[in-house]
Amino acid sequence: TTAPTQFALQKIYISDLSFEVPNTPNIFIGADADQPAPDIQLNIKNSHADLPGDNCAVILHLSVRATIKDRTLFMVELEQAGIFLIKGYSTEERRALLGTYCPSALFPYARETISSIIGKGGFPAMLLQPINFDALFSQAIQKQTAQAS
């Protein structure tokens, strides 16, 4: 008989958070205040580490950088993390859970933290668009397969 599968989110936490506004206070006054909308760069990746007792720590790494021309308005770097119980799944199923479901569960918390910290930094609230982690996972698998052959 196969062991029953178990999947549960045990804990959500921030493992690292950095917010920088290198050009204050000038960025909020004078000509800088009338600038066009900033360019926003979002980088996202995830990683995981096995923990005792069929638990796994999953970290969603996000960095957001807002610039106008060559001047940085702000930078946010966040590691939104969670501990997940993953038991009784095949290696392939486990890999898919770690690459899709876990980051999808963490993303709303990361999005709220980033929006909140940007607002507290004196900028208009920014809402990150939803991310399709299933599609990103599929692309990563295809890329690995292509590199292997």
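## Confidence in the model

The structure is a prediction, and its chain has a mean pLDDT of 91. Of the residues in the chain, 95% reach a pLDDT of 70 or more. Within the chain, confidence is highest in strand E1, where the mean is 97. Helix H2 has the lowest confidence, with a mean of 88.

## How the strands pair

Strand E1 covers residues 6-20 and strand E4 covers residues 71-87. These two strands run antiparallel and are joined by 13 bridges. One point of contact is Ala8, whose bridge partner in E4 is Leu85.

Strand E4 also pairs with strand E3, which spans residues 55-68. This pairing is antiparallel too and has 14 bridges. Ser63 stands opposite Glu77 of E4, and Ala66 has Phe74 of E4 as its bridge partner. On the E2 side, E3 pairs with E2 in the antiparallel sense over 13 bridges. Here Ser47 has Ile59 in E3 as its bridge partner. E3 is mostly covered, with twelve of its 14 residues buried.

## Turns and loops

E2 and E3 form a hairpin in which three residues lie between the strands. In this turn, Gly53 has a positive phi of about 70 degrees. Asp54 is also found in the loop between E2 and E3. Its phi is near 60 degrees, which is a positive value in a residue other than glycine. Is Asp54 buried or partly exposed? Asp54 counts as partly exposed, because its relative accessibility is 37%.

A second hairpin is formed by E3 and E4, with two residues between them. Lys69 lies in the loop between these strands. Although Lys69 is not a glycine, it has a positive phi of about 55 degrees. Lys69 has a relative accessibility of 70%, so it counts as exposed.

The loop between E1 and E2 contains Pro25. A cis peptide bond joins Thr24 and Pro25, with omega at about -5 degrees.

## The salt bridge

How many salt bridges does a search of the whole structure find? The search finds one. It is formed by the side chains of Arg94 and Asp50, with a distance of 2.7 Å from N to O. Arg94 belongs to helix H1 (residues 91-120) and Asp50 to strand E2 (residues 39-51), so the pair ties together parts that are 44 residues apart in sequence. Side chains of opposite charge can pair when their charged atoms come close.

The two partners can also be described by their accessibility. Arg94 has a relative accessibility of 22% and therefore counts as partly exposed. Asp50 has a relative accessible area of 56%, so it is exposed.

## The largest pocket

The largest pocket has a volume of about 380 Å³. It is lined by 14 residues. The closest of these to the pocket centre are Asn46, Gly99, Leu136, Phe137 and Ala140. Which elements give two or more residues to the lining? They are E2, H1 and helix H2, which covers residues 133-148. H2 gives the most, with six residues.

By type, the lining of the largest pocket has seven nonpolar residues, five polar residues and two charged residues. Empty space of this kind can be found in general by rolling a probe the size of a water molecule over the atoms.

H2 gives the most residues to the lining of the largest pocket, and it is the element where confidence is lowest.

Methods
Residues are numbered from 1 along each chain as its sequence is written. This is a predicted model: local features need pLDDT of at least 70, side-chain atom pairs count only at pLDDT 80 or more; totals for chains, interfaces and linings use all residues. Side-chain values use heavy atoms; hydrogens and water are left out. A salt bridge is a side-chain nitrogen of Lys or Arg within 4 Å of a carboxyl oxygen of Asp or Glu. Helices (H or I, at least four residues) and strands (E, at least two) are DSSP runs, numbered from the N terminus. Buried means under 20% relative accessible area, exposed over 50%, partly exposed in between (1.4 Å probe, protein chains only). Two strands pair if DSSP finds at least two bridges between them. On a 1 Å grid over the protein atoms alone, a cavity is a set of points where a 1.4 Å probe fits but cannot get out, and a pocket is an open set with protein on both sides within 12 Å along at least five of seven lines; lining residues have an atom within 4 Å of a point. Grid points are joined across faces, edges and corners, and a volume is the space filled by probe spheres set on the points. Ala, Val, Leu, Ile, Met, Phe, Trp, Tyr, Cys and Pro count as nonpolar, Asp, Glu, Lys and Arg as charged, and the others, Gly among them, as polar. pLDDT is the predictor's confidence in each residue, from 0 to 100.
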